Amino acid sequence: MPTVDLRFTPLPEHVRTARLVAVSVARRAGFGEDQLDEIRIAIGEACARAVSATDAAAGRAGLVDMRLSDDEDRLDVTVLRCGEDGSPLPEEAATATTEDPLSLALMTGAAGSSAPAVAPGGVRLTWVRERDGAGPHPPA
């Protein structure tokens, strides 16, 4: 199970880099162009949500941690807000911002085989690779 970890400062300009990394990992894992578009959209929303929620202006500079795991026919992506030392933010800091319903709707629509798991500290997304245009097959 190849895993890629990307940790970046919560700046909007780094969201594009995170999307590029996620799409590169998915392409290398054999995901088709339609699924790559879904991955690009959902990762962009998840990272943008983490960047805005970190709220550097309020003194919570922190980091955004994105982990991508390619396990046979699945791609699991976790995007977390972290403190400057890489540890998860305390519950009250992680939930300090209100949820953006449009962002959540975009992630849900693009999340492939499952709805995003949204927790106070971040988001987990999963895609199952489609085989020969036959649609997704059940996870192992």
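How many salt bridges does the count come to? The count comes to 7 salt bridges, a salt bridge being a side-chain nitrogen of Lys or Arg within 4 Å of a carboxyl oxygen of Asp or Glu. The model is predicted, so that local features need pLDDT of at least 70 and side-chain atom pairs count only at pLDDT 80 or more, whereas totals for chains, interfaces and linings use all residues. Residues are numbered from 1 along each chain as its sequence is written, and side-chain values use heavy atoms, with hydrogens and water left out.

**View A. Salt bridge between R27 and E33.** The side chains of R27 and E33 meet with an N to O distance of 3.6 Å. R27 is partly exposed, at a relative accessible area of 43%, and E33 is likewise partly exposed, at 49%. Here, buried denotes under 20% relative accessible area, exposed over 50%, and partly exposed the range in between (1.4 Å probe, protein chains only).

**View B. Salt bridge between D37 and R40 within helix α2.** The closest N and O atoms of this pair are 2.7 Å apart. Both residues belong to helix α2 (residues 33-54), where D37 and R40 are 3 residues apart, about one turn of the helix. Helices (H or I, at least four residues) are DSSP runs, numbered from the N terminus. D37 has a relative accessible area of 38% and R40 one of 31%; D37 is thus partly exposed, as is R40.

**View C. Salt-bridge network of R74, D76 and R124.** Salt bridges link R74, D76 and R124 in a network. Between R74 and D76, the closest N and O atoms lie 3.3 Å apart. D76 is buried, with a relative accessible area of 12%, while R74 is partly exposed, with 21%.

Definitions and conventions. Helix = DSSP H or I, 4+ residues; strand = E, 2+ residues; numbered from the N terminus.
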